[in-house]
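Please look over the sequence and the model, then go on to the notes below.

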Amino acid sequence: MDFLRVRASSDGAETISYWTGDVYGWQDGDGPHHLFGFEGLNVARAVETDGGWQLLTREAALYLDPRGRQVLDSWHNPMTGREVEVQHVFNDPVNQRLGAYPVPETRLGDQIVYNVDVRLAYPSPLKVADYPDNSASDTYRALELFQFFAPAAAVESGMPDVPCVFSWCRVSPWLPWMAMGQRGGGLVYHCRGAKVAEVPERLRERVGEHFLHAPTQWSAPNMTSWTAFADKVGR
């Protein structure tokens with residue numbers, strides 16, 4: 001499976017993907033506003049199974065001041081006037097199965113581009129009745145759009161770990177810790193990244209050793225910012 005070698009490595013070795021970018025928000029009749037910088041990493045291990053491949057990953061990311069790019073531990077929400085604690089991303093695990101469906105690809109000169117468009121709609125772990133300040137809806141709806149760019153020669157060589165750069169855009173509800181309640185609007189993440197040998201020192205130190213290595217076996221369910229918030233405040 002060519003895409004798996006672009007996303008991870010077919011020989012079971014760990015691969016690190018690093019990204020950096022920004023988060024924008026808008027309300028009905030207001031915005032968009034540049035709310036945060038954002039940088040993070042995903043560490044992946046691919047395991048072949050009878051039915052295809054398991055992609056075993058965990059990821060961590062930090063919300064940054066949009067101008068100075070320093071890590072934010074608290075944030076003054078200009079839309080509500082409230083000071084809130086920032087809950088950074090520490091998602092473990094973030095696993096998925098690959099191989100059941102082909103990943104669309106486009107040849108652009110000497111590059112191959114794989115696009116993964118993820119449309120999400122499922123019951124929110126944060127019900128409005130239980131979390132009126134932190135939940136926009138009883139249904140979580142979001143759109144995650146990935147593009148992975150790889151040298152065609154590397155893909156066609158059969159090498160287990162193909163280098164790539166990628167883009168990622170996410171359209172999502174307000175984050176739970178932003179305490180936006182049911183206000184209209186939401187967030188757009190716009191990031192770019194690459195497979196790397198190492199991540200920036202600040203990020204490496206903040207996330208800790210655990211998030212620098214991929215899981216060794218399948219586990220479920222996946223962690224998200226919404227389930228992490230529910231766990232933190234108590235279900």
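Is Asp73 buried, partly exposed or exposed? Asp73 is partly exposed, because its relative accessible area is 46%. The model is a predicted one, and the points below go from the whole protein to single residues.

**Overall build**

- The protein contains 4 helices and 12 strands.
- Its radius of gyration is 18 Å, close to the 18 Å that the globule rule gives for 235 residues, so the protein is as compact as a globular protein of that length.
- Along the principal axes, the C-alpha atoms fill a box of roughly 55 × 35 × 35 Å.
- Of the 235 residues, 47% are buried.
- Among contacts with a separation of 6 or more, 69% are between residues 24 or more positions apart.
- The accessible surface amounts to about 11500 Å², and carbon and sulfur atoms account for 51% of that surface.

**Salt bridges**

- Side chains of opposite charge can pair when their charged atoms come close.
- The structure has 10 salt bridges, and three of them are described here.
- Asp73 pairs with Arg206, with the closest N and O atoms 2.9 Å apart.
- Arg206 counts as partly exposed, at 37% relative accessibility.
- Arg45 and Glu14 meet through their side chains in a salt bridge of 3.2 Å, N to O.
- This pair links distant parts of the chain, with Arg45 in strand E2 (residues 30-49) and Glu14 in the loop between helix H1 (2-7) and strand E1 (15-27), 31 residues apart.
- Arg45 is buried, with a relative accessible area of 18%, whereas Glu14 is partly exposed, with a value of 31%.
- Asp92 and Arg58 form a salt bridge in which the closest N and O atoms are 3.1 Å apart.
- Here too the pair links distant parts of the chain, 34 residues apart: Asp92 lies in the loop between E6 and strand E7 (96-98), and Arg58 in strand E3 (residues 52-64).
- Arg58 is buried, with a relative accessible area of 10%, and Asp92 is partly exposed, with a relative accessible area of 26%.

**Nonpolar cores**

- The largest nonpolar core is made of 50 residues, and those with the most contacts inside it are Phe36, Phe38, Tyr63, Trp75, Trp177 and Met178.
- Strand E2 supplies the largest share of this core, 5 residues.
- Beyond its neighbours within four places in sequence, Met178 has contacts with Leu35, Phe36, Trp75, Asn77, Met79, Val84 and Leu187.
- A second, separate core has 14 residues, including Leu41, Leu64, Val207 and Ala214.

**Helix H4 and what covers it**

- Helix H4 spans residues 225-233, and its buried residues are Ser225, Trp226, Thr227, Ala228, Phe229 and Ala230.
- The cover over these buried residues includes strands E6 (89-91), E10 (139-151) and E11 (165-172).
- At the start of H4, a side-chain oxygen of Thr224 comes to within 3.1 Å of the backbone nitrogen of Trp226.
- Just after H4, Gly234 has a positive phi of about 95°.
- Which residues does Gln87 touch, not counting those up to four places away in sequence? They are Tyr63, Trp177, Ser225, Ala228, Phe229 and Lys232.
- Gln87 is placed in the loop between strand E5 (83-85) and E6.
- With 13% relative accessibility, Gln87 counts as buried because the cut-off is under 20%.

**Gly186 in strand E12**

- Gly186 is part of strand E12 (residues 186-196).
- Gly186 is buried, with a relative accessible area of 1%.
- Leaving aside neighbours within four places in sequence, its contacts are Tyr24, Gly25, Trp26, Ser172, Pro173 and Trp174.
- Gly186 and Asp30 are 156 residues apart in sequence, and their C-alpha atoms are 11 Å apart in space.

Technical notes
Residues numbered from 1 in each chain as written. Predicted model: local features only at pLDDT ≥ 70, side-chain atom pairs only at ≥ 80, totals over all residues. Heavy atoms only, no water. Buried < 20%, exposed > 50% of the residue type's maximum accessible area, 1.4 Å probe, protein only. Helix = DSSP H or I, 4+ residues; strand = E, 2+ residues; numbered from the N terminus. Contact = heavy atoms within 4.5 Å. Polar contact = N/O pair within 3.5 Å; in protein donor to acceptor, adjacent residues only side chain to side chain. Salt bridge = Lys/Arg side-chain N within 4 Å of Asp/Glu carboxyl O. Rg over C-alpha atoms; globule rule 2.2 N^0.38 Å. Areas by Shrake-Rupley, 256 points an atom, 1.4 Å probe, with all protein chains shown as cover. Core = buried A, V, L, I, M, F, W, Y, C linked by side-chain atoms within 4.5 Å.
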